[in-house]
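Let's take a walk through this one, going from a single residue out to its surroundings. Have the sequence and the 3D view open side by side as you read.

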Amino acid sequence: MAKILSGKEVCEALNTELIRRSAALGEKGITPTLAIVRVGENPSDLSYEKGAVKQAELVGVKVVHFVLPENCPKEQLLIVIDQVNADASIHGCLMFRPLPRHLKKDQEEICNRLDPKKDVDSMTSLSNAGVYEGRSDLGFPPCTAQACMEILDYYQYDCTGRRAAILGRSLVIGRPAALMLMHRNATVTVLHTRTKNVAEHIAQAELVICAAGVLNSVTADMVRPGQTVIDVSMNWNPEKLTPKGKGGMCGDCDFAAVEPIVEAITPVPGGVGAVTTSVLMKHVILAAERAK
């Protein structure tokens, strides 16, 4: 049976440190503050926002909300971002993406309007450059990709010389995670929809990060003993048995089949997702520490 890499344990360790750092800022009259900018009422955005607010309350981060209608014009959203930039009491900003369809063509301009010093979830090009160069002083890495690194750190996984395979090449998980692992001296292969022999690449890896967003895209015949699997994705599985009946969240892995084979694996839910909001708060507190 695999070792279960519980996100709860990682969160508890992170939160203990964040509460201490938040309190230290409070003694200096500084309240670390996160602005949440949301356009519309997307259910997944609302769910993440609820979790972020709960986590913020736990570690002493104040949250201010900027909620705009689904059909808001670009100019209205830019005014809000300018307001966040100008407010010295706001240390970090999370804007939910992707933006509504009518704003997608301007998403790069909108994201780069944010002050990189307040970019706690890698919205801006400068933050992406920081991930590319391995520089922590240029913005912040995406919270989900950083959550994968926090899990590896907590469970003392040494990436040096290890072969890593990442399933997915998105700008928020796959690509930044690949760069972050390279900075940790792993040898990385990024797999995507045009990759040939995906199963062969996964089998050869010692560390596998699953971020395709496709239910059961990693099966028992793809993995082998000795591997560590970080499953990032959240997919709805109508056939999953839960205490409430059928239907529940699952990752990319066929967990029941993969878990008995590999050495270690993150659960879904209760793995990477649980750590992501703690990382967001870590970034806000760090931004406040830098701004003091």
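In which helix is Gln146 found? Gln146 sits in helix H6, which covers residues 143-154. Keep in mind that you're looking at a predicted model.

Now, is Gln146 buried or exposed? Its relative accessible area comes out at 13%, and the cut-off for buried is under 20%, so Gln146 counts as buried. As for what it touches, set aside the neighbours within four places in sequence, and Gln146 is in contact with Pro141, Met180, Val279 and His283.

Pick Met180 from that group and follow it into helix H7, residues 174-183. Met180 is one of the buried residues there, along with Gly174, Pro176, Ala177, Ala178 and Leu181. What do the buried residues of H7 pack against? On the helix side there are H5 (125-133) and H6, and on the strand side E5 (163-167), E6 (187-191) and E7 (207-210).

H5 is our next stop. Its buried residues include Ser127, Gly130 and Val131. Those three span an arc of only 100° around the axis, so they lie on the same side of H5.

Note on methods. Residues are numbered from 1 along each chain as its sequence is written. This is a predicted model: local features need pLDDT of at least 70, side-chain atom pairs count only at pLDDT 80 or more; totals for chains, interfaces and linings use all residues. Side-chain values use heavy atoms; hydrogens and water are left out. Helices (H or I, at least four residues) and strands (E, at least two) are DSSP runs, numbered from the N terminus. Buried means under 20% relative accessible area, exposed over 50%, partly exposed in between (1.4 Å probe, protein chains only). Contact means heavy atoms within 4.5 Å. The arc is that of the directions from the helix axis to the C-beta atoms.
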